[in-house]
Amino acid sequence: MVQPRTDRVQQPGEPTSVDRFFRISHRGSTVGREVRGGLTTFVAMCYIVLLNPLILSASTDITGLRLTTEQVTTATALAAAVTTVLMGLIGNAPLAVAAGLGVNGIVAFQLAPAMTWGQAFGLVVLEGLCIVALAISGVRERIINAIPSALKTGITVGIGLYIALVGLVSAGFVTRTPDKADSTVPVRMGVDGHLTGWPIVVFCLGLLLMVILVAKAVPGAVLISIGAATLLAVVLNSVFDISGWGLVEPAVPTQVVASPDFSLFGQIDLFGGFVSAGAMTATVFLFTLVLSGFFDAMGTITSVAQEAGIMREGKVEGMGRILFVDGLGAVAGGVSGSSPNTVFLESAAGVGEGARTGLASVVTGGLFAATLFLTPIAAIVPAQAAAPALVVIGGMMMAQCRRIPWQDADVVLPVFLIAALIPFTYSITNGIGAGLIAYVVIKLSKGKASEVGWLLGGLAVVFAAYFGVEAVKLVVT
């Protein structure tokens with residue numbers, strides 16, 4: 001006897017399985033808005049696939065090994081694709097995840113010179129595991145509450161200056177003054193104090209275009225400017241056969257699509273960095289990665305979630321799951337051979353287009369996956385075309401200065417030390433450490449030990465040991 005079919009027929013107007021899974025209707029959105037929002041977010045932030053290789057390939061590790069653009073481009077796109085899709089499926093939030101600007105500078109210019117790339121990526125994995133553990137245990141919130149908001153703002157401002165300086169140096173707009181007896185300045189404009197050559201022209205025009213487009217709030221302003229500057233560089237190089245581009249020469253690629261280079265995937269050494277750099281130095285490096293990673297993410301998640309309307313009674317819906325995926329992003333960055341991944345503020349661009357759920361993140365992640373096969377295009381982008389984005393983004397981070405209570409004498413100097421020493425010493429670790437120590441000393445000298453607390457005091461002791469590690473070595477030996 002034939003049994004009647006019991007398949008349920010979806011009724012007109014009834015939510016689909018996708019709608020129910022992502023709660024699209026519940027949040028007042030539609031599938032079309034989510035797709036459009038995911039595409040917009042990708043356009044706004046896919047510049048990271050070009051910039052992360054620029055930063056990581058600008059440094060060599062302790063053995064002198066330099067990463068290739070193809071390697072880092074693949075690693076960057078892979079980690080962004082995986083973690084952004086996970087953010088959509090697990091966190092159900094319109095938040096895209098990719099290699100964080102600023103923290104990638106720590107990997108390139110602090111970790112790598114002190115250890116091998118594999119060991120540096122191992123520390124990145126450990127950072128992610130620490131963030132996951134902190135998110136699950138709730139300790140993350142306690143640490144965030146322990147550090148004054150003014151000092152957190154100072155870190156953001158200092159990283160902004162640092163990113164801008166890296167961009168200016170990468171483009172050749174700013175260069176180091178040779179060590180001479182009659183030298184009066186540590187850095188200078190151009191090679192000999194003047195701007196010369198077509199590469200600098202490309203940088204300046206690209207920067208001006210980006211400033212105009214960003215000021216006009218043009219969607220994809222950063223990507224458009226990088227593309228236009230790259231096209232100009234390719235044309236100029238083919239016509240005049242120009243030198244001085246640096247590591248990447250803008251030449252017409254022989255192919256547009258190519259197989260991804262996964263040679264960095266899984267090449268990690270979790271604990272080797274503690275041997276190469278020393279236990280104390282590696283521990284401070286790890287702490288700096290964790291500090292930079294989860295502070296930036298917390299501010300971004302809160303601001304984007306508020307704009308998306310997914311906050312209830314001052315709390316972000318699914319915050320625990322979102323923080324968990326954010327930690328996994330750092331792990332994915334290390335395993336893939338990239339820098340720590342974190343939530344991008346450019347996610348707000350997609351929210352502005354109507355994105356309210358994780359479906360938008362799935363769309364963004366899928367587009368990042370497609371870029372895995374476009375590495376030849378990334379390989380023709382010279383530093384002079386990509387560096388303007390570092391300058392502009394660094395400048396935009398300076399806007400956080402408005403949040404600093406300049407009238408509070410207890411925080412002004414610590415904030416200044418953080419913001420100044422990060423770019424001046426080319427070290428985020430040095431800036432954060434100096435600022436925390438200064439803050440604790442000021443509070444203790446004014447009899448305000450209760451405002452410091454044991455956790456902040458402990459952090460100051462760790463940084464004091466970091467700064468004095470060489471002196472300790474002399475005493476011990």
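**A friendly note on helix packing, a salt bridge and a surface patch**

1. Let's begin with a pair of helices: helix 18 passes helix 19 in a right-handed crossing. Keep in mind as you look that this is a predicted model. The two helices pack at an angle of about 165°, with their axes 7 Å apart. Since angles over 145 degrees count as roughly antiparallel, that angle makes helix 18 roughly antiparallel to helix 19.

2. Which residues make this contact? From helix 18 come D410, V411, P414, L417, I418, L421 and I422. Helix 19 answers with I428, N430, G431, I432, A434, G435, A438, Y439, I442 and K443.

3. Side chains of opposite charge can pair when their charged atoms come close. The structure holds six salt bridges.

4. Now turn to helix 4 (residues 69–91) and helix 15 (residues 358–370), which pack at about 165° with their axes 7 Å apart. Helix 4 and helix 15 are therefore roughly antiparallel to each other. What is the hand of their crossing, left or right? The crossing of helix 4 and helix 15 is left-handed.

5. The contact between these two helices involves A77, A80, A81, T84, V85, M87, G88 and L89 on the helix 4 side. On the helix 15 side, look for G358, S361, V362, T364, G365, G366, F368 and A369.

6. How do helix 3 and helix 5 run, parallel or antiparallel? The axes of helix 3 (residues 48–56) and helix 5 (residues 103–111) cross at roughly 25° and come within 9 Å. Angles under 35 degrees count as roughly parallel, and helix 3 and helix 5 are therefore roughly parallel to each other. N52, I55 and L56 of helix 3 make the contact with N104, G105, V107, A108 and F109 of helix 5.

7. Finally, have a look at the surface. A nonpolar patch there is formed by W198, V201, L205, L208, L231, V235, V239 and F240, with about 770 Å² of accessible area together. Helix 9 (198–215) and helix 10 (221–240) each supply at least two residues of this patch. F240, one of the patch residues, lies in helix 10.

Methods: Residues are numbered from 1 along each chain as its sequence is written. This is a predicted model: local features need pLDDT of at least 70, side-chain atom pairs count only at pLDDT 80 or more; totals for chains, interfaces and linings use all residues. Side-chain values use heavy atoms; hydrogens and water are left out. Patches are made of residues with over 30% relative accessible area and no salt bridge: like charges are joined within 9 Å, nonpolar side chains (Val, Leu, Ile, Met, Phe, Trp, Tyr) within 5 Å. Accessible areas come from the Shrake-Rupley method with a 1.4 Å probe; for residues, only the protein chains shown count as cover. A salt bridge is a side-chain nitrogen of Lys or Arg within 4 Å of a carboxyl oxygen of Asp or Glu. Helices (H or I, at least four residues) and strands (E, at least two) are DSSP runs, numbered from the N terminus. Axes are lines fitted to C-alpha atoms, for helices over the stretch in contact, and angles run from 0 to 180 degrees between N-to-C directions. Angles under 35 degrees count as roughly parallel, over 145 as roughly antiparallel, 65 to 115 as roughly perpendicular and the rest as oblique. A crossing is left-handed if the near helix is turned anticlockwise from the far one by less than a right angle, and right-handed if clockwise. Contact means heavy atoms within 4.5 Å.
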